[in-house]
Every structure is written in structure tokens, then in C-alpha cells.
Amino acid sequence: MEVEGSSKKMIATQEEMVEARVPLAYRDQCAHLLIPLNKCRQSEFYLPWKCENERHIYEKCEYELVMERLLKMQKIREQEEKLKQQKKQGIPLIPNTANV
């Protein structure tokens, strides 16, 4: 399964996420990393130093997703700015020769 507009593919299936009780807000391309992280957290009684490796991998994945979205939004804004500039450069009402 692939998410539209993203370079990362969904690895975890809906059934796996339902079984692992992943909240809807966290069901993204990094959910396959969140499932083992949550299992580790539960088995280690949520001690913050116990699941550092899993947490780091998950947070890196989320960071990469955010950066990807930011770059896409920046490209969209640049394209919109170009369109605005092209509309402003339309046919002038007063020819340049009249200004001389």
C-alpha cells in the first residue's frame, strides 16, 4: 500500500495496526516502527532509557516525513509565486514607448 504524495511506503497493514491498537493519528508510514516501540515500552514499564534504540528509529522516520512534507509545501508555494508573477506581467495597459 502506498500513500499518495509520499516517497515512503506503508509497511504495516491496517489489521496489524488494529491488533497493536495504534491510534488513528499515528497510522502513517512509520507505524511499522511504532508497533515494536510500544511493545518494548509496555514490557519495560515505560522506563525512558530502556527502548532508546526503537524510539530513535521511530522519531527519525517521523522527522523524515515532516521534512518531506515541508519540501513539498515549499515547492508548491514557489510554483504559486511564479504563477502570480506571470499574471502580473500580463499585457500592459500603457505601452513602454509612451513612458519615454
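A search of the whole structure finds 4 salt bridges, each defined as a side-chain nitrogen of Lys or Arg within 4 Å of a carboxyl oxygen of Asp or Glu. The model is predicted, so local features need pLDDT of at least 70 and side-chain atom pairs count only at pLDDT 80 or more, while totals for chains, interfaces and linings use all residues. Residues are numbered from 1 along each chain as its sequence is written, and side-chain values use heavy atoms, with hydrogens and water left out.

One of the salt bridges pairs Lys8 with Glu64, with the closest N and O atoms 2.8 Å apart. This pair links distant parts of the chain. Lys8 sits in the segment before H1 and Glu64 in helix H3, 56 residues apart. Glu64 also meets Lys60 in a salt bridge (3.8 Å, N to O). Shared partners join Lys8, Lys60 and Glu64 into one network. Within helix H3, Glu64 and Lys60 are 4 residues apart, about one turn of the helix. Glu64 is partly exposed at 32% relative accessibility, and Lys60 is partly exposed at 48%. Here buried means under 20% relative accessible area, exposed over 50%, and partly exposed in between (1.4 Å probe, protein chains only).

Another salt bridge joins the side chains of Glu59 and Arg55 (3.6 Å, N to O). Glu59 and Arg55 are separated by about one helical turn because they lie 4 residues apart in helix H3. Glu59 is partly exposed at 42% relative accessibility. Arg55 is partly exposed as well, with a relative accessible area of 33%.

The chain has 3 helices and 0 strands. Helices (H or I, at least four residues) and strands (E, at least two) are DSSP runs, numbered from the N terminus. Along the sequence the pattern reads α-α-α. Of the 100 residues in the chain, 20% are buried.

In general, most residues other than glycine have a negative phi. Arg21 is not a glycine, yet its phi is positive, about 60°. Arg21 lies in the loop between helix H1 (14-19) and helix H2 (31-43). It counts as exposed, at 73% relative accessibility. Phe45, also a residue other than glycine, has a positive phi near 55°. Phe45 is placed in the loop between H2 and H3. Its relative accessible area is 69%, so Phe45 is exposed.

A pocket is an open set of points on a 1 Å grid over the protein atoms alone, where a 1.4 Å probe fits, with protein on both sides within 12 Å along at least five of seven lines; lining residues have an atom within 4 Å of a point. The largest pocket holds about 150 Å³ of space, taken as the space filled by probe spheres set on the points. Its lining divides into 4 nonpolar, 2 polar and 2 charged residues.

Tyr63 lies in helix H3 (residues 52-88). With a relative accessible area of 53%, Tyr63 is exposed.

Definitions and conventions: Ala, Val, Leu, Ile, Met, Phe, Trp, Tyr, Cys and Pro count as nonpolar, Asp, Glu, Lys and Arg as charged, and the others, Gly among them, as polar.
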